[in-house]
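Here is my note on the model, as numbered points. Please read it with the sequence and the 3D view open.

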Amino acid sequence: MRIVLGVSGGIAAYKSAELARALIQNGHEVQAVLTHSAAEFITPLTFASLTGRKVITDLFDSANPMEHIAVAQESDLVLVAPATANVLARFAHGLADDFLSTLYFAFRGPVVLAPAMNNNMWEHEAVQVNLETLRRRGHTIVDPGSGFLACGSIGPGRLAETDKIVDAVERALTPPVADLDGETVLITAGPTQEPLDPVRYLSNRSSGKMGYALAQAAVDRGAQVILVSGPVALNPPKGVEVIHVRTAAEMREAVFANLEPATVVIKCAAVADFRPSVESKQKIKKTSARVSLELEPTPDILAELGRKRGDRLLIGFAAETENLETEARRKLETKNCDMVVANLVGKSETGFESDSNEVVLALRTGETIPLPRASKREIADQILGQVLKLRRDLIAKQ
Ligand code: PMT
């Protein structure tokens, strides 16, 4: 495959030489593109020697003024490592003023970005917002590692290790395979809303992104997908059968009405655990300073599925603020699941609402697999990868 290796101007630029060599060792052709700042940190000659190709540093340094279009058309993947805060901002906001950025906007294939910068820069809201934009665009972000930084600070910002970046490139280059062909996956997503009166309800912060990412990944991998969705502001993936529900009781009904064809059930929805005991037919008036609500438990859909699952694979989720693994194992046992996906909630970059997640998979086999922070789509693919392994284990035992 032909890979564009974009190098932008940070102290980690010297590590890109090792990256170029690792990609070549994996059998790829590498076209290095250096920004002007990168060329201050490392010479184009280093990359020309390693890749055996002319290194591009300038939009106007060749006889062909359309070279950025030609390189975009000839390449299979664009990788930028290190990607500085400046490059991330230009990509996120559509600023095309050098070879690398014009190439990026002309390119239509997979993009992998490995940021590196000072820890305060990395944590800056503007950088994180730009990263979310790029993740939403479907790009792979290889998060930086934490440690001693060139500027003397300690924290997140070091360019990820070469093998981690190469792994991300290989994954992004692998075309989707229909490995879930023949499975019917029933997925629940989003929150439930438990009405209190005609204008108010109890709910939670679930956006549906994790469940919808699972639905998209499952359909891309050839599965039939039934998505039971609470109220969210997302467009359902194409090719998915969607059943819209509002309350936990409606979700329960939809799940059991559609259980029969399902071979895998994934309970990603954040079902409200309690609902008001009485739903007032009229808007509750503001007659006193304090109001007490009487709440009753909603049906525990996952627990009921655990009893009625038959030979289906059953995957639960657990939203936790601490002790991820212990809680995941507890839910795995008590709800009779094959796997529980525990995610950390209460942080801005994982769990509710964000475009990325960080989870621990607790499997019935006894394995515990931590998945570092990645886009919800990448996490979804890794969860489905484990579903496939569980299926293969079952077939092997028969
Ligand atoms: O939607 P996003 O903004 O992308 O956020 C994703 C997420 C954080 C909502 C998702 O990753 C997640 O963690 N979903 C499960 C949230 C949850 O309700 O966790 P829990 O630990 O309270 O519930 C455990 C399991 O029981 C879950 O599979 C849940 O679907 C299920 N449950 C819970 C209560 C209930 N009454 N019935 C259920 O079936």
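How many bridges join strand S1 to S3?

1. Four bridges join strand S1 (residues 2–7) to S3, and the two run parallel. One of the pairs to look at is Gly 6, whose bridge partner in S3 is Val 80. Helices (H or I, at least four residues) and strands (E, at least two) are DSSP runs, numbered from the N terminus.

2. On the basis of the numbers: this is a predicted model, in which local features need pLDDT of at least 70 and side-chain atom pairs count only at pLDDT 80 or more, while totals for chains, interfaces and linings use all residues. Residues are numbered from 1 along each chain as its sequence is written, and side-chain values use heavy atoms, with hydrogens and water left out.

3. S1 and S3 belong to an open sheet of five strands in the order S2-S1-S3-S4-S5, with parallel pairing. Its edge strands, each pairing on one side only, are S2 (29–34) and S5 (140–141). Two strands pair if DSSP finds at least two bridges between them.

4. S3 (residues 77–83) also holds Pro 82. The peptide bond that leads from Ala 81 to Pro 82 is cis, with omega near 0°.

5. Glu 18, Glu 161, Asp 163 and Asp 167 form a negative surface patch. Patches are made of residues with over 30% relative accessible area and no salt bridge; like charges are joined within 9 Å, and nonpolar side chains (Val, Leu, Ile, Met, Phe, Trp, Tyr) within 5 Å. A salt bridge is a side-chain nitrogen of Lys or Arg within 4 Å of a carboxyl oxygen of Asp or Glu. Accessible areas come from the Shrake-Rupley method with a 1.4 Å probe, and for residues only the protein chains shown count as cover. Glu 18 sits in helix H1 (residues 15–25) and counts as partly exposed because its relative accessibility is 44%. The classes are buried (under 20%), exposed (over 50%) and partly exposed in between.

6. Phe 274, Val 291, Leu 293 and Leu 295 make a nonpolar surface patch of about 380 Å². Val 291 is in the loop between strand S14 (274–276) and strand S15 (295–297). With a relative accessible area of 59%, Val 291 is exposed.

7. Two asparagines have a positive phi. For Asn 323, in the loop between strand S16 (313–320) and helix H13 (324–334), phi is near 45°. For Asn 336, in the loop between H13 and strand S17 (339–344), phi is near 55°. Asn 336 is partly exposed, at 31% relative accessible area.

Conventions
Lys, Arg positive; Asp, Glu negative; His and termini not counted. Charge placed at Lys NZ, Arg CZ, Asp CG, Glu CD. Buried < 20%, exposed > 50% of the residue type's maximum accessible area, 1.4 Å probe, protein only.
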